[in-house]
Amino acid sequence: VSTDLGVLSTLSTATTTATFSVKSYLAGGYVVQTASDPPSSFGLNAHTISALATPTAAATGQEQFGINLVENASPAIGDDPLQVPSSSFSFGEAAPGYDTPDLFKYVKGDTVALSNSSSGQTDYTVSYIYNIATQTAAGEYQFPHVLVATSTF
């Protein structure tokens with residue numbers, strides 16, 4: 001999935017979402033980890049947008065990049081994990097640090113979703129926030145987000 005956030009502004013938080021699903025039968029559960037560096041530009045003046053190391057609210061005018069996997073009110077984006085066909089068969093959840101509405105975080109290598117038991121399908125929505133400061137370097141930024149799901153035994 002590719003999204004174009006357009007031109008970022010210090011006056012508003014740019015947002016987008018992406019979805020993925022995980023199913024892990026005959027296992028002890030699963031973990032989903034994020035494996036990508038934060039958004040960065042390329043070339044002579046390459047710059048990486050500051051990722052939020054701890055759960056933090058979006059703040060316009062401050063350079064920030066973060067995600068969570070729950071429904072948010074501010075900004076209004078995302079959805080809670082959806083158990084398919086129901087919570088009787090599926091047990092996935094957003095991981096600590098990525099499970100609190102209106103708080104965002106991004107640490108490469110973190111577990112962002114998990115199940116502690118064999119599970120039917122869970123559909124996840126990843127909410128992304130991007131904020132820039134007046135000193136954020138101009139340029140085109142890219143974030144090829146890679147998620148790795150691993151069954152646990």
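Residues are numbered from 1 along each chain as its sequence is written. The model is predicted, so local features need pLDDT of at least 70 and side-chain atom pairs pLDDT 80 or more, while totals for chains, interfaces and linings use all residues, and side-chain values use heavy atoms, without hydrogens and water.

Reader: How many helices and strands are in the protein?

Author: Helices (H or I, at least four residues) and strands (E, at least two) are DSSP runs, numbered from the N terminus. Along the sequence the pattern reads β-β-β-β-β-β-β-β-β-β-β-β. The count is zero helices and twelve strands.

Reader: What is the radius of gyration of the protein?

Author: The C-alpha trace spans about 50 × 30 × 25 Å along its principal axes. The radius of gyration is taken over C-alpha atoms, and the globule rule is 2.2 Å times the number of residues to the power 0.38. That rule gives 15 Å for 153 residues, so the protein is as compact as a globular protein of that length. Its radius of gyration is 16 Å.

Reader: Among contacts between residues at least 6 apart in sequence, what percentage join residues at least 24 apart?

Author: Contact means heavy atoms within 4.5 Å. Of the contacts between residues at least 6 apart in sequence, the share that joins residues at least 24 apart is 79%.

Reader: What percentage of the residues in the protein are buried?

Author: Buried means under 20% relative accessible area, exposed over 50%, and partly exposed in between (1.4 Å probe, protein chains only). The protein has 153 residues. Buried residues make up 38%.

Reader: How many residues of strand 4 are buried?

Author: Gln-64, Gly-66 and Asn-68 point one way, Phe-65 and Ile-67 the other, and all are buried. Ile-67 has contacts with residues including Tyr-98, Val-112, Tyr-128 and His-145. The buried count for strand 4 is five of five.

Reader: Which residue in strand 10 stands opposite Phe-65?

Author: Two strands pair if DSSP finds at least two bridges between them. Strand 4 and strand 10 pair in the antiparallel sense over five bridges. Opposite Phe-65 stands Tyr-130.

Reader: What is the bridge partner of Ala-94 in strand 9?

Author: Strand 8 and strand 9 run antiparallel, joined by two bridges. Ala-94 has as its partner Ala-113.

Reader: Which side chain makes a polar contact of 2.7 Å with the side chain of Asp-110?

Author: A polar contact is a pair of N or O atoms within 3.5 Å; within protein, one must be able to donate a hydrogen and the other to accept it, and residues adjacent in sequence count only if both atoms are side-chain atoms. Asp-110 lies in the loop between strand 8 (93-94) and strand 9 (111-115) and is buried, with a relative accessible area of 19%. Its side chain also meets that of Lys-105 at 3.3 Å. The 2.7 Å partner is Tyr-98.

Reader: Is Ser-90 buried or exposed?

Author: Ser-90 sits in the loop between strand 7 (82-84) and strand 8. Its side chain reaches the backbone oxygen of Val-84 at 2.7 Å. With a relative accessible area of 2%, Ser-90 is buried.

Reader: Is Phe-89 buried or exposed?

Author: Phe-89 is in the loop between strand 7 and strand 8. Beyond four places in sequence, Phe-89 touches Ser-119 and Gly-120. Its relative accessible area is 53%, so Phe-89 is exposed.
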